[in-house]
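Student: I have a structure open and would like to talk it through with you. Shall we begin?

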Amino acid sequence: IAQQFNFILVRPEGINQSWNAKYCCGYALENNINDSEFLQRILVQVMERYKQHVRKDMVYGLGWSNGAYMVSLMAHMFRSIVPIAGYQYENIEMNTGNVPTGIFQHHSLNDPVVRYGGCCTADAVANKDADNYTTANANANT
């Protein structure tokens with residue numbers, strides 16, 4: 001698909017299928033793996049290797065579950081993020097560097113692991129709260 005539509009797809013995986021996304025989850029969090037630096041290094045290497053094809057302002061992040069936490073945490077690296085079945089953080093402005101960042105968020109109401117009403121730690125924001133926050137700020141900026 002990437003060749004057909006002329007884009008570069010980078011699909012990193014966290015150690016033991018987990019990312020240390022500050023509040024979530026698994027092996028990477030428990031062992032304090034520096035996944036933030038890992039993602040930043042990947043972006044730098046891709047931009048150096050494909051500098052004639054990659055523009056910093058055209059980099060997008062998509063994550064599923066724990067990966068959704070990771071793209072939310074690292075939102076400052078992306079023009080837009082798509083956290084699926086994961087959460088935005090309370091201070092999303094801090095994660096975006098106060099730069100307007102598109103967010104397309106999707107979550108199931110009946111997800112038994114990363115629940116819509118809240119998950120994992122007290123500092124993670126429930127999707128329902130993030131939805132209300134995002135809507136309020138979008139309306140304030142129109």
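Student: Is Glu30 buried or exposed?
Tutor: Bear in mind that this is a predicted model. Glu30 sits in helix α1, residues 26-30. A residue counts as exposed when its relative accessible area is over 50%. Glu30 has 65%, so Glu30 is exposed.

Student: How far apart in space are Glu30 and Ser18, C-alpha to C-alpha?
Tutor: Along the sequence, twelve residues separate Glu30 and Ser18. In space, their C-alpha atoms are apart by 9.9 Å.

Student: Why is α3 described as largely enclosed by the rest of the structure?
Tutor: Happy to go through that one. The cut-off for buried is under 20% relative accessible area. The list for α3 includes Asn66, Tyr69 and Leu73, and its cover includes α2, β1, β2 (80-84) and α4 (92-96). The helix is called largely enclosed because its buried residues number eight of the eight.

Student: Which element gives the largest share of the lining of the largest pocket?
Tutor: Let's start with the space itself, about 1300 Å³. Elements that each supply at least two lining residues are α2 (35-49), β1 (60-64) and α3 (66-73). The largest share is five residues, and it comes from β1.

Key
Residues numbered from 1 in each chain as written. Predicted model: local features only at pLDDT ≥ 70, side-chain atom pairs only at ≥ 80, totals over all residues. Heavy atoms only, no water. 1 Å grid on protein atoms, 1.4 Å probe; cavity = no way out; pocket = protein on both sides within 12 Å on 5 of 7 lines; lining within 4 Å. Points joined across faces, edges and corners; volume = space filled by probe spheres on them. Helix = DSSP H or I, 4+ residues; strand = E, 2+ residues; numbered from the N terminus. Buried < 20%, exposed > 50% of the residue type's maximum accessible area, 1.4 Å probe, protein only. Contact = heavy atoms within 4.5 Å.
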